[in-house]
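Subject: Structure for you to look at

Hello,

Here is the structure I promised to pass on. Please open it and keep it beside you while you read my notes.

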Amino acid sequence: MTPSIPLTPSTPSELHQSRPAEKADRMPLAFCDLDEFEEGLLPVLRHFLQSLAQPESQSWQFAFRVAAERWGESLGLPVAQSLFKLVQFTTKARRVGFDSIDPLSLEDREYVTRDEQAFLQMLHHMRRDETPRAREAVANVTGCTMDPDVIRAGLSFADRFPAGTARSKRASSRPILRVVG
């Protein structure tokens, strides 16, 4: 089994240490009640987290490639860029490390850590404009800091890539020129 990637916020004092995710701290992805788009964010999220934990890995390149292959360049690259912004703010706001599974671990693809699940649930509720649940999820992800940068980046992501078929299809299609009378 491939170990998880501990991601500690970059602070000069290095006070915050992350703990590796134990098997008990993992759950099947199917139990998270996410839509297909949100489940597709998981490998991208993991590559970004690995890139922040181990900059020499340059895993961010894989994150952009995975997103472009999954959703096409016109949608995938903006998804990855917006997600990376949110990941950066989230890891900075946390007082503890972020536990994540190795993105290249084939046997762990169908599992999530508690931190990954919390992050994806935050996006899930924001994309559906479920404000009370989204607030709880932000508090859960950030360790109760309610960081305004995390909230802004999450809401920006949710506005750009909302849940629901009508707006999602419209967001992923090419612009349409219409005559307005």
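A salt bridge here means a side-chain nitrogen of Lys or Arg within 4 Å of a carboxyl oxygen of Asp or Glu. By that rule there are eight salt bridges. Bear in mind that this is a predicted model.

**Charged pairs**

Start with D35. Its side chain meets that of R127 in a salt bridge, at 2.8 Å from N to O. R127 is buried, because its relative accessible area is 7% and the cut-off for buried is under 20%.

D35 also forms a salt bridge with R128, and here too the closest N and O atoms are 2.8 Å apart. R128 lies in the loop between helix 4 and helix 5, so this pair ties together parts that are 93 residues apart in sequence. R128 counts as partly exposed, at 27% relative accessibility.

Now go to helix 6. R152 and D149 form a salt bridge there, with 2.9 Å between the closest N and O atoms. They are three residues apart, about one turn of the helix. R152 is exposed, at 54% relative accessible area. D149 is partly exposed, at 29%. Back at D35, salt bridges that share partners join D35, E38, R127 and R128 into one network.

**Helix 4**

How many of the 14 residues of helix 4 are buried? The count is 13, so the helix is largely enclosed by the rest of the structure. Its length also checks out. The 14 residues should span 20 Å, and the end C-alpha atoms are 20 Å apart. After the helix comes D129, which has a positive phi, near 55°.

**Aromatic rings**

The model has eight aromatic pairs. One of them is F37 with W71, a tilted pair with 5.1 Å between centres and 45° between planes. F37 is in helix 1 and W71 is in helix 2, 34 residues apart. Both residues are buried.

F37 makes a tilted pair with F157 as well, at 6.2 Å centre to centre and 35° between the planes. That link reaches from helix 1 to helix 6, across 120 residues. F37 has a relative accessible area of 14%, and F157 has 1%. Ring pairs link F37, W71, F157 and F161 into a cluster.

Best wishes

Key:
Residues are numbered from 1 along each chain as its sequence is written. This is a predicted model: local features need pLDDT of at least 70, side-chain atom pairs count only at pLDDT 80 or more; totals for chains, interfaces and linings use all residues. Side-chain values use heavy atoms; hydrogens and water are left out. Buried means under 20% relative accessible area, exposed over 50%, partly exposed in between (1.4 Å probe, protein chains only). Helices (H or I, at least four residues) and strands (E, at least two) are DSSP runs, numbered from the N terminus. The expected span of a helix is 1.5 Å times one less than its number of residues. Rings of Phe, Tyr and Trp (its six-membered ring) pair if their centres lie within 6.5 Å; planes under 30 degrees apart count as stacked, over 60 as edge-to-face and the rest as tilted.
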